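My notes follow in the order I looked.

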Amino acid sequence: MAGNIELLNSVLAAARSENRAALVGYLPAGFPTVADGVRAITAMLDGGCDVVEVGLPHSDPVLDGPVIQTADDIALRGGIKITDVLRTVKEAHEITGAPVLVMTYWNPVDAYGVERFAADLAAAGGAGCILPDLPVEESEVWRKAAEQHGLATVFVVAPSSRDDRLAKITAAGSGFVYAASLMGVTGTRESVGQEAQDLVRRTRAVTSLPVCVGLGVSNAEQAAQVAQFADGVIVGSAFVKRLLDAPDLDSGLAAVRTLAGELAEGVRKRA
């Protein structure tokens with residue numbers, strides 16, 4: 001069974017045709033539980049997200065800040081397995097019809113088996129994989145498996161990436177480019193700085209892939225700011241925080257849906 005890279009491409013192209021940025025939401029699988037995580041992701045998509053990233057909780061994160069680490073810890077203590085992550089992808093896609101990617105560090109994929117992971121993610125209806133710690137030089141085995149199974153391979157670029165490095169990374173990727181807006185870990189910020197805009201400009205100079213900006217966006221105003229120069233706005237910690245802060249699940253789901261709606265309005269406020 002082929003994965004849904006073409007669905008991802010068409011959704012991103014549709015947003016561009018509407019002269020707006022796409023809204024990409026993130027939530028770790030298994031948080032607060034596997035079943036409730038599916039409900040939360042569905043609420044994000046119902047609220048206005050175009051695409052969703054399902055995080056594969058990892059015990060040794062290098063990109064995730066304290067909010068997502070807390071959610072990961074809850075999922076790991078709940079016994080989350082890769083099969084649960086794939087179930088989350090499958091159910092979220094079946095319920096909403098939206099493109100769903102997995103964001104994961106490389107070790108779990110390597111341990112599971114590269115070909116097996118690609119095949120199972122495609123069978124679940126997944127659109128691709130974001131691999132923040134996989135060096136492009138060591139990615140050929142994954143990229144071949146992903147291409148064979150109709151999956152996007154999304155690499156992360158950072159403000160520290162030199163222009164020649166950007167060209168190398170983006171030439172190997174597909175779907176979109178994940179542009180980290182700043183040096184550091186995920187989390188909400190007071191502002192998303194000039195570094196992000198400069199990174200998008202430099203990345204666009206070497207690729208025709210959509211460039212989506214993540215790390216730090218937490219509200220509609222920031223989403224609107226990033227939407228002025230990026231093809232997509234990625235929001236994770238703010239959604240997780242809504243669930244962590246809620247007194248009960250129903251309140252959390254409502255808060256997630258509301259935030260998605262506010263962010264969706266934000267990404268449509270292009271000048």
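Which residues are linked with Asp163 in a network of salt bridges? I found Asp198, Arg201 and Arg202 linked with Asp163 in that network. I note here that the model is a predicted one.

**Salt bridges**

I then looked up the count for the model, and it comes to 17 salt bridges.

I started with Arg20 and Asp50. Their closest N and O atoms are 2.9 Å apart, and the two form a salt bridge.

Next I looked at Glu140 and Lys144. Their side chains form a salt bridge at 3.2 Å, N to O. Both belong to helix H7 (residues 140-148), and because they are four residues apart there, about one helical turn separates them. I looked up accessibility for each: Glu140 has 45% relative accessibility and so counts as partly exposed. Lys144, at 54%, counts as exposed, because the cut-off for exposed is over 50%.

Asp231 lies in the loop between helix H10 (220-227) and strand E9 (232-235), and Arg204 lies in helix H9 (residues 194-204); the pair links distant parts of the chain, 27 residues apart. Asp231 has a relative accessible area of 11% and is buried, because buried means under 20%. Arg204, at 36%, is partly exposed.

**Helices H3 and H11**

I turned to helix H3 (residues 66-77) and helix H11 (residues 237-245). Their axes come within 9 Å and cross at roughly 55 degrees. That angle makes H3 oblique to H11. I also looked up the hand, and H3 passes H11 in a left-handed crossing.

Which residues of H3 meet H11? I listed Val67, Ile68, Thr70, Ala71 and Ile74 on the H3 side. On the H11 side they meet Ser237, Val240, Lys241 and Leu244. Sorted by class, the contact of H3 with H11 has six nonpolar, two polar and one charged residues.

Technical notes. Residues numbered from 1 in each chain as written. Predicted model: local features only at pLDDT ≥ 70, side-chain atom pairs only at ≥ 80, totals over all residues. Heavy atoms only, no water. Salt bridge = Lys/Arg side-chain N within 4 Å of Asp/Glu carboxyl O. Helix = DSSP H or I, 4+ residues; strand = E, 2+ residues; numbered from the N terminus. Buried < 20%, exposed > 50% of the residue type's maximum accessible area, 1.4 Å probe, protein only. Axes fitted to C-alpha atoms, helices over the stretch in contact; angles between N-to-C directions. Parallel < 35°, antiparallel > 145°, perpendicular 65-115°, else oblique. Left-handed = near helix turned anticlockwise from the far one by under 90°. Contact = heavy atoms within 4.5 Å. Nonpolar A, V, L, I, M, F, W, Y, C, P; charged D, E, K, R; others polar.
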